[in-house]
Amino acid sequence: MIDTLLALLKASDIDGWEITDTSTEGWEFYLIRHRLDQNRVRKVRHISVKVYKRLKNGTCLGSASGEMAPTLSEAEMRRQLQDLIKAASLVENRAYTLNPRAVLTGKTPEKTDPAVTSETLLELLSSLPETDSADMNSAEIFVDQVTRRFLTSEGTEVTTCAPKSMLEVVVNARRNGHEIELYRLYRFGACDREMLREDLCRALRFGPDRLTAVPTPALQAFDVVFSTADACPIYRYFIDRMNASMIVRGYSDWKIGQPVCEQGDGDPVTIQAVGVLPGSSVGGLLDPEGALSCDMPVITDSIAAHYHGSRQFRCYAEMTDGYLAQNFVVSGGHRTDDEIRSGDYLEIVEFSDFQVDTITGDIAGEIRLGYLHKGSTVSVVTGGSVSGSMRTLARDMRMSLRQVQYDCLRIPALTRLHGVTITGCENEA
Amino acid sequence: MQAPFSPYLRSIAGGMRQLMERFYQDFDDVRILCTDSVGFAARVSRQVTTLSHETMTTERGMVVRVWKNGRYSEAAFNCFDPQDPDRTYAEILPVLQAQFLLLEKTGTPTYETGHAEDTPCQLYTEMETGRLPEDEDLSALLQSLKSISQKGLSMDPHLVDVQISAQSTHVCKMFLTRNRDMRQSYVYSEGAISCVGSLNGRMEMSYQGVSGRKGPELFAALDDLLPQVVKIVQELLTSERITPGEYDIITSPEVTGLIAHEAFGHGVEMDMFVKHRALGAEYIGQRVGSDLVSMHEGALCATDVTSYAFDDEGTLAGDVTEIDHGILRTGICDALSALRLGCAPTGNGKRQNFEHKVYTRMTNTIFDSGTSTFEEMIRSIDYGFYLCGMQSGMEDPKHWGIQCIVERAYEIRNGQLTGKVMSPIVLTGYVPDLLSSISMVSRDREVFGNGGCGKGHKEWVKVADGGPYLKAKARLG
């Protein structure tokens, strides 16, 4: 199939191409309580093709992409390719250059066995410290072994293998006939059993607390501490606004060498893009477009350092030496956990869906479980919502020195935002 | 014209039936879904144009569901050779057997379930469409999208970008069992305008779309949408923050749809009943809203992006009355959950694509219309807000909490819109409280099919929702 496709591409009137040939063997197990709802096997191959065509005397470069089903006949393949080339000739984008040939040195990672990771996860779930008041409702296990072959017209030809997994767990807690649930979704590459176990045990502890929670009072402007994966959207705000696509489109006005936020009493943010982040389900030595991935500062001490993103937009932003980064490490925090958790604050450990709008900076989320620390008292609260804007909240953001990793992001374990608006669900007494 | 059924699926039907018989050597029930959906996605913005032959639902592949001794298993694949079904069988069976061994080794018991009758059904549906995505003149389409984008940019110097997107998919699915041969072909399309504006360092975006079970002819409606989107961005750029609190509200049909989706859409997906994850199971036959609240769900309820003839388990499309004058009547159900609950499936078994498991999923989720007019509803409010523009939502079926992030709120004072705009708005509350507070319902209604819906934070499928204007009380922040 690939040989035929290559022959057709080389014989075509085009100026560049990329082929991504991805084969996946997936094992899936769905559990209701600890009983098997369904087991599934996936054995699939996806071949994506992108073609480039110079237009208007080379001042424009058109491109179009599509998937070639592995069952296509040669005649069907030829017809689809012609359609793609025709489509590319309609796309009059400003000219840019393609990634040069990349050569990966070192040994290709060996395939992992989905059976091994599946067994680890099934065993982990069956050994959780469940109690009468908190237990596992259901779980879904997805274990993929992905082999990716990447070829380009510039001479890159690389094959990589990587595990990619996902685990969804729903935890129930009950008290006096009332039951609630907590939802957890983990994405990862290599399986870190202990990290998963620790986080699930934490969820089993949170559950009963939510049953005793009282309505969140209206606090107006208050400090909020994030100590779970809900902190990720906060750092995504910084990462996305440094994406060359956002810069070129005018959605972000952050300029290299200039501060990304006003600096108040908060900690300066440093973000590094890294090619390989152990445990991440994405990334690698080559980005999805064939550029070599390496460690690259994106923001240093709250100063914009380097745009990341696709080749096309990096060219437009006149910064071709980066790559389409997927893994990031956030640092800059120097405070202990105790320093972050001092004074009056609301630590929110469960949102229904915490979001940060990358364009406007607006934050929003409904509080499902929080610990309100006021004076010497701690109340467990639920309901109400948070709102505000990172455009102003970034100024006084504080971060812990201690870090944790959530799939492709390693971030400070604790993040504290000052002056978040808390809409309670009852008036403060 | 009628959307023609896939020649590829027709060509593999015989081979698939042979594969089915191979699996019958090892299992007691075998059902197969095959898909072949093509389309395009075009996007034009100030700086770049993109064109792809892939959309959210383009795919070509197969999934076999097998049953034996109370256990359900599935295998998804896409390298099938109809001349050599034994090869696929030889590749898949050992992996399933390895999984069975692992389940035995880890002592994982099975949620034993029977299998449904294989009721005979022959169905061949080629639905009406204006044009086909595969035949579309993309050159003319791109020119049209560019023209709208440029026109938008010329309307206000504060606009940073006006991005126009258009995607159209020709869906073909074939469901086979020993007694069934069901085939459907239809086209759906969706287009949208995203405007981004900047003023005094503040940046805002608005998004409005059109959708339908139509071909690319739908995109002609985008031009008419443009002035409305530009106006909204202008309003957002000078909008204020709302003072948190509980207010009288009127929801636009789009926000009504978001509430329908988050409140009693997810809340009555009956695979959640099987897992005891939905409070709704305990409230069937009980009051969950005011007398004015009636809600329907089903692929037959409206003609939009997910109005199919049969679902991904071969169940014919339905129309379910979920809430009837405030009383919760029933939920929606996929075939496997129906077996476990002892009820009939409703035609809501959907997969993200052939690679994914079936879950109970929404199709068209719609509040019924009432008798009021929008003007009467505005006049009835002393102080409150008219909520417009849907951004996102999240459900909590176990606790009946709701979160809706709404784009903007227009202030109402003494029965009149004051012109003051607040944004963004986080609407939160307890679903029965919100639905019980509904005191007026308008006589018109609209349905919206842009965007996708996840189950938890994954499994994205197309859905549509909507309804009339509603007057209610809600907590806004």
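Six strands of chain A, in the order β11-β10-β9-β12-β20-β19, make up an open sheet with mixed pairing. Because β11 (303-304) and β19 (403-406) of chain A stand at the edges with a single partner strand each, one side of each has no neighbour in the sheet. Strands here are DSSP runs of E of at least two residues, and helices are runs of H or I of at least four residues, numbered from the N terminus; two strands pair if DSSP finds at least two bridges between them.

This is a predicted model, in which local features need pLDDT of at least 70 and side-chain atom pairs count only at pLDDT 80 or more, while totals for chains, interfaces and linings use all residues. Residues are numbered from 1 along each chain as its sequence is written, and chains are lettered from A and ligands numbered from 1 in the order in which they are written.

The contact between the chains takes 63 residues from chain A and 64 residues from chain B, where residues are in contact if their C-beta atoms, placed from the backbone, lie within 7 Å. Strand β2 (residues 35-55) of chain A gives eleven residues, the largest share of the side of chain A that touches chain B.

Definitions and conventions:
Contact = placed C-beta atoms within 7 Å.
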